[in-house]
Amino acid sequence: AIRTLRAMGTPMLIHQPNYSLFNRSIENGLDPVLLEEGVGCIAFAPLHNGLLTDKYFRGIPADSRAAKDPRYLTPDKITAEKVDRARRLNEIAARRGQSLAQMALQWVLRTDTVTSALIGASKPQQILENARAMDAPALTEEELLALTAAASEREAAAGAMDAIRGLGDETVTRAEAAVYFNRLFGLAPTTEEIAYFPDVAQKRR
């Protein structure tokens, strides 16, 4: 599509894929194509329709979109398992002095691929809060790994989080921790995986 549009004299300037901590499908091969072709990327639903906020930690608020206008998020999609994953992520955000929404946006904007993000705010205060997403220090490699684990399915994430904690006190080697991450990633190796486990990541290319 990029080359066809360029040949027609109407080059593609920006692509709008769904991308968030809960949906990393663009890492399957789209992001390097966008970089190579010089096409911008504006992340759609970076907060996963509100699930990457604390909005649904105590049920479905009456004034939420899920309750009033479920075109993008229906109540049945707000499962206990997803809320549990969001709570784990929120713990990391709190340690960084951020809201979950701010950290989720900072994560989306961490690479050169993503040039902007559609926050989909429904209230003025949400815009003000989200605009402060980049005020915090950059996410470290350890935090990126922890976020990947926390955002993943419960059983695999439990082992991966243990592996990350083990790395901190040297009771678990990086090779051992990589075993957990091979279970977690059905994707091409992520930048944080390559940084921490280059041998394993290389084999999976």
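Let's start at a loop. Pro 75 sits between α3 and α4. This is a predicted model, so keep that in mind throughout. Pro 75 is partly exposed, at 41% relative accessibility. What does Pro 75 touch, beyond residues up to four places away in sequence? Ile 60, Ala 66 and Pro 70. Take Ile 60. In sequence, Ile 60 and Pro 75 are 15 residues apart. In space, their C-alpha atoms are 7.6 Å apart.

Now step back to the whole chain. The protein has 205 residues, and 43% of them are buried. I count on 11 helices and 3 strands. The order from the N terminus is α-β-α-β-α-α-α-β-α-α-α-α-α-α. Next, contacts. Consider those between residues at least 6 apart in sequence. Of these, 67% join residues at least 24 apart.

On to the core. In general, nonpolar side chains in soluble globular proteins tend to be buried together. Here, the largest nonpolar core holds 38 residues. Which residues have the most contacts inside this core? They are Leu 21, Leu 89, Met 103, Trp 107 and Leu 147. Four elements are on the list of those giving at least two residues each: β2, α4, α5 and α7. For orientation, β2 is 40-43, α4 is 80-96 and α7 is 141-150. The biggest contribution comes from α5, with 7 residues.

Look at Leu 89 for a moment. Set aside residues up to four places away in sequence. Leu 89 then touches Leu 21, Phe 22, Leu 52 and Leu 100, among others.

You pass Leu 100, Ala 101, Gln 102, Met 103 and Ala 104. Then come Leu 105, Gln 106, Trp 107 and Val 108. Note that the buried set includes Gln 102 and Gln 106.

Compare that with α2, residues 30-37. Its buried residues are Asp 31, Leu 34 and Glu 37. What do they pack against? Three elements: α1, β1 and β2. Those are residues 2-7 for α1 and 14-15 for β1. After α2 comes Gly 38, with a positive phi near 70°.

Positive phi also turns up in residues other than glycine. Go to the loop between β2 and α3. Ala 45 is in that loop. Its phi is positive, about 55°, although Ala 45 is not a glycine. Ala 45 is buried, with a relative accessible area of 9%. His 48 belongs to the loop between β2 and α3 as well. The phi of His 48 is near 50°, again positive. Is His 48 buried or exposed? Buried, at 16% relative accessible area, where the cut-off for buried is under 20%.

Rolling a probe the size of a water molecule over the atoms shows where empty space is left. The largest pocket here has a volume of about 720 Å³. It is lined by 32 residues. Which lie closest to its centre? Gly 50, Lys 55, Ile 119, Gly 120 and Gln 126. The largest share is from α6, with 3 residues. By class, the lining has 13 nonpolar, 11 polar and 8 charged residues.

One last residue. Asn 130 is part of helix α6. Asn 130 is buried, with a relative accessible area of 9%. Leave aside its neighbours within four places in sequence. Asn 130 is then in contact with Leu 47, Ala 101, Leu 105 and Ile 119. Ala 101 and Leu 105 are among the buried residues of α5. Ile 119 is one of the residues closest to the pocket centre. That is where I'll stop.

Technical notes. Residues are numbered from 1 along each chain as its sequence is written. This is a predicted model: local features need pLDDT of at least 70, side-chain atom pairs count only at pLDDT 80 or more; totals for chains, interfaces and linings use all residues. Side-chain values use heavy atoms; hydrogens and water are left out. On a 1 Å grid over the protein atoms alone, a cavity is a set of points where a 1.4 Å probe fits but cannot get out, and a pocket is an open set with protein on both sides within 12 Å along at least five of seven lines; lining residues have an atom within 4 Å of a point. Grid points are joined across faces, edges and corners, and a volume is the space filled by probe spheres set on the points. Ala, Val, Leu, Ile, Met, Phe, Trp, Tyr, Cys and Pro count as nonpolar, Asp, Glu, Lys and Arg as charged, and the others, Gly among them, as polar. A nonpolar core is a set of buried Ala, Val, Leu, Ile, Met, Phe, Trp, Tyr and Cys residues joined through side-chain atoms within 4.5 Å. Buried means under 20% relative accessible area, exposed over 50%, partly exposed in between (1.4 Å probe, protein chains only). Contact means heavy atoms within 4.5 Å.
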